[in-house]
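Hi,

Here is the structure I promised to pass on. Have a look at it first, and then read on for what I found in it.

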Amino acid sequence: MTRPELLVLTGLHEPGVEATAARIRALDPDVAVLHHDLRDIGAGRVRRRLRHGNRDEHTVLELAHGCVSCTLREDLLPQLHALAGPGGPRRIVLHLDPALEPEQVCWSLLHVLVDGAPIIDRVDLRGVLTCVDAGTWLDDATGDAALPERGLAELPDDERTVAQVAVGQAEFADLLVHTGTADAWQLARTDAVLARLAPSAQRVHLAGLDERALLADLPPSARRGRPDDVHAPLLRGQPSLARDCGVQLLVLAARRPFHPERLHEAMDVLLDGVVRTRGRIWLATRPDAVLWLESAGGGLQIGHAGEWLDGADDQVWAAASPERRALASLGWHPRFGDRAQDLVVLVHDSDPAEVEEQLTGALLTDAELAAGEEAWRTLPDPFGWWHTDPCGTPAGLPAAPAQTEQEEH
């Protein structure tokens, strides 16, 4: 049996997302569009809408626990499972609530079992379409507004910002659809950011959206809904490192560890004038831990992402992918093994040289390096696994697929 194609449709600009869904329905009258509205999820209610042909069904779901994981397990994934069965549509559009990020939903499609198997066994996941309003997206992606300030779903224990959602949606796209309006300068700056944030994604204006909306002709480098491993190359799609409209990618690579307290102080440089930071770091006080650092606009989080291979037992080596083992071996340091700082910073309104100076200044000095690991472990370390900035009451976020523990700043 031929598996139905599944397209994931997302974006903060709801009119643009709906217009894109309408364009897909015009291209394929047999397509089914499934949407879960999460605006009342805090009260335990989710509104499901299913459109297929002449059907337009609205259902209000009452959940025992108002959370995204319950919505996925109890209804969204079972609905996809049913639609993918015999007699169903040949193509399905999963229209996400604007508060959701497609990477975590796609991770669920790949890993969460329904009737003993993941949804990916029943559908052909073609990829992700993200709608971007060029007139507002860059402001959203670089601000610090919380989701409720924009009228978006207030999920339990959710401290994400609008910027984190906006950047996550665009970064994971296979096709970026420009909706809304913008002047020439705003459009040029937004395009410069997107070309570096999602270099493998195709970009098209809504007015020119054609069969490309069906994601049938994507390049080999397309994500197609597959999350990256934390040890994958950070410059997916070989984005330009040249400056354009004030936008530039900064690549920071270093072998010596960070001084935890100085890094904590330096991180403010990533929260102003920066669209995105992502990458692997190691702290002098935690030599075994791979830490994943990620920022978007005014929000930043650090999470534990496993162990370095240096000093690890055979079980950790065996669990590592062949690509990771090969890269670690090629870059092996006689003292630090595979430990390294690898960060990519996408700036739009700050000086890349200043960002680099602040971060490199947080590395151990020659004297600190010579003191050795026993001395490093005594350094002041303000990082807790659950940490907010400004420092205060611990708060958590839904764990990202590659992370098991997180800190938020």
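Of the 409 residues in the protein chain, 54% count as buried. Please keep in mind that this is a predicted model. The chain folds into twelve helices and 16 strands. Its radius of gyration is 22 Å, close to the 22 Å that the globule rule gives for 409 residues, so the chain is as compact as a globular protein of that length. Along the principal axes, the C-alpha trace spans about 75 × 50 × 40 Å. The accessible surface comes to about 17,400 Å², and carbon and sulfur atoms hold 49% of that. As for contacts with a separation of 6 or more, 72% of them are between residues 24 or more positions apart.

Now to the interior. In soluble globular proteins, nonpolar side chains tend to be buried together. Here the largest nonpolar core has 74 residues, and those touching the most other members are Leu6, Leu80, Leu94, Leu109, Trp137, Leu176 and Trp376. Helix H5 (residues 162-171) gives the most to this core, with six residues. Apart from this core lies another one, of 25 residues, which includes Leu252, Val269, Ile281 and Leu363.

Helix H3 (residues 102-111) is worth a look too. Its buried residues are Pro102, Val105, Cys106, Ser108, Leu109 and Leu110. Among the elements that cover them are strand S1 (5-11), helix H2 (68-83), strand S5 (91-95), strand S7 (117-118), strand S8 (124-133) and H5.

Next, the aromatic residues. The structure holds four aromatic pairs. In one of them, the ring centres of Trp282 and Trp376 are 6.4 Å apart and the planes stand at 70°, so this pair is edge-to-face. Trp282 sits in the loop between strand S12 (274-281) and strand S13 (289-296), while Trp376 belongs to helix H12 (residues 373-376), so the pair ties together parts that are 94 residues apart in sequence. Both Trp282 and Trp376 are buried. A second pair is formed by Trp317 and Trp332, with ring centres 6.0 Å apart and planes at 35°, so it is tilted. Trp317 lies in helix H8 (residues 314-319) and Trp332 in the loop between helix H9 (322-330) and strand S15 (341-347), so this pair ties together parts that are 15 residues apart in sequence. Trp317 is partly exposed, with a relative accessible area of 26%, and Trp332 is partly exposed as well, at 35%.

Ring pairs also link Trp282, Phe336 and Trp376 into a cluster. What else does Trp376 touch, not counting residues up to four places away in sequence? Besides Trp282 and Phe336, its contacts are Pro257, Ala284, Thr285, Arg335, Leu364, Glu368 and Leu369.

Asp228 is placed in the loop between strand S10 (202-205) and strand S11 (248-254). Is Asp228 buried or exposed? At 18% relative accessibility, Asp228 counts as buried, because the cut-off for buried is under 20%. Its side chain makes a polar contact of 3.3 Å with the side chain of Arg223, and another polar contact, of 2.8 Å, joins the side chains of Asp228 and Arg236. Leaving aside residues up to four places away in sequence, Asp228 touches Glu103, Arg223, Arg236 and Arg278.

Val251 is in strand S11 and is partly exposed, with a relative accessible area of 40%. Beyond residues up to four places away in sequence, Val251 touches Leu235, Leu241 and Leu343. Leu235 is 16 residues from Val251 along the chain, and their C-alpha atoms are separated by 9.1 Å.

Ala296 is found in strand S13 and, at 0% relative accessibility, counts as buried. Its contacts, again without residues up to four places away in sequence, are Ala141, Thr161, Ala163, Gln164, Val167, Val275 and Arg276. From C-alpha to C-alpha, Ala296 and Asp272 are 9.8 Å apart in space, and they are 24 residues apart in sequence.

Conventions
Residues are numbered from 1 along each chain as its sequence is written. This is a predicted model: local features need pLDDT of at least 70, side-chain atom pairs count only at pLDDT 80 or more; totals for chains, interfaces and linings use all residues. Side-chain values use heavy atoms; hydrogens and water are left out. Helices (H or I, at least four residues) and strands (E, at least two) are DSSP runs, numbered from the N terminus. Buried means under 20% relative accessible area, exposed over 50%, partly exposed in between (1.4 Å probe, protein chains only). A polar contact is a pair of N or O atoms within 3.5 Å; within protein, one must be able to donate a hydrogen and the other to accept it, and residues adjacent in sequence count only if both atoms are side-chain atoms. Contact means heavy atoms within 4.5 Å. A nonpolar core is a set of buried Ala, Val, Leu, Ile, Met, Phe, Trp, Tyr and Cys residues joined through side-chain atoms within 4.5 Å. The radius of gyration is taken over C-alpha atoms; the globule rule is 2.2 Å times the number of residues to the power 0.38. Accessible areas come from the Shrake-Rupley method with a 1.4 Å probe; for residues, only the protein chains shown count as cover. Rings of Phe, Tyr and Trp (its six-membered ring) pair if their centres lie within 6.5 Å; planes under 30 degrees apart count as stacked, over 60 as edge-to-face and the rest as tilted.
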